[in-house]
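Hi everyone, thanks for coming. Let me put the structure up on the screen, and then we'll walk through it together.

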Amino acid sequence: MADAVLVHIDEMATNPTLLCIHRDPAQLRVLEENGYELLTAANGSEGLRLFGSRRVDGIVLDHELALLDGAVVAAEIKKVKPQIPIVMLVDSLELPDGTLKFVDAFVTRSDGAHFLWATVHFVLNVKRERCQQEGPMTGTRALRRSPGVNRGKFLAG
């Protein structure tokens, strides 16, 4: 009987699942190498379809997508599930107004794959724990890296 319980517990202990909506999902391999299960979509429409049909723990979203802009996709996702963490990949820190309104953090491509992994880990674990301890937030706060600050530092805004 104890063996059945252990099997049941092991089956329940699954790796977090990330929906990766990215022009080239192979670039996100570092996430899989660090224990995340990946669902991938190459465009916003496919990503929204997967989001509606599968349970995911977080989203990694490319800002530059064909057809649907990453900010539009993030807004649609947050309408359905406001608490889902979204990390957006951007080319530069120069973003149109409102881009960060629906994301929890962003990473520039030049930051590299390991910084992306660290940011995803932070948003899925540390930030979520802080929110649970502090109670519900009244709005979405974005974590942004200040352009003049060393890598890894964030500002809440």
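How do the axes of α3 and α4 cross, and within what distance do they come? Keep in mind that this is a predicted model. The two axes come within 10 Å and cross at roughly 15 degrees. Angles under 35 degrees count as roughly parallel, so α3 is roughly parallel to α4. The crossing is right-handed, too.

Now for the side chains between these helices. From α3 we have G44, L48 and F51, and they meet V73, E76, I77 and V80 of α4. Sorted by class, that contact has five nonpolar residues, one polar and one charged.

In soluble globular proteins, nonpolar side chains tend to be buried together. Here, the largest nonpolar core has 20 residues, and L19, I21, V56, I59, L61, I77 and I86 touch the most other members. At least two residues of this core come from each of β1, β2, α3, β3, α4 and β4. There is also a second, separate core of 16 residues, with L28, L31, L89 and L124 among them.

Leaving aside neighbours within four places in sequence, I59 is in contact with L19, I21, F51, I77, I84, P85, I86 and V87.

One last stop: is K79 buried or exposed? This residue sits in helix α4, and K79 has a relative accessible area of 62%, which means exposed, as the cut-off is over 50%. Its C-alpha atom is separated by 9.4 Å from that of F102, 23 residues apart along the chain.

How values were computed:
Residues numbered from 1 in each chain as written. Predicted model: local features only at pLDDT ≥ 70, side-chain atom pairs only at ≥ 80, totals over all residues. Heavy atoms only, no water. Core = buried A, V, L, I, M, F, W, Y, C linked by side-chain atoms within 4.5 Å. Buried < 20%, exposed > 50% of the residue type's maximum accessible area, 1.4 Å probe, protein only. Helix = DSSP H or I, 4+ residues; strand = E, 2+ residues; numbered from the N terminus. Contact = heavy atoms within 4.5 Å. Axes fitted to C-alpha atoms, helices over the stretch in contact; angles between N-to-C directions. Parallel < 35°, antiparallel > 145°, perpendicular 65-115°, else oblique. Left-handed = near helix turned anticlockwise from the far one by under 90°. Nonpolar A, V, L, I, M, F, W, Y, C, P; charged D, E, K, R; others polar.
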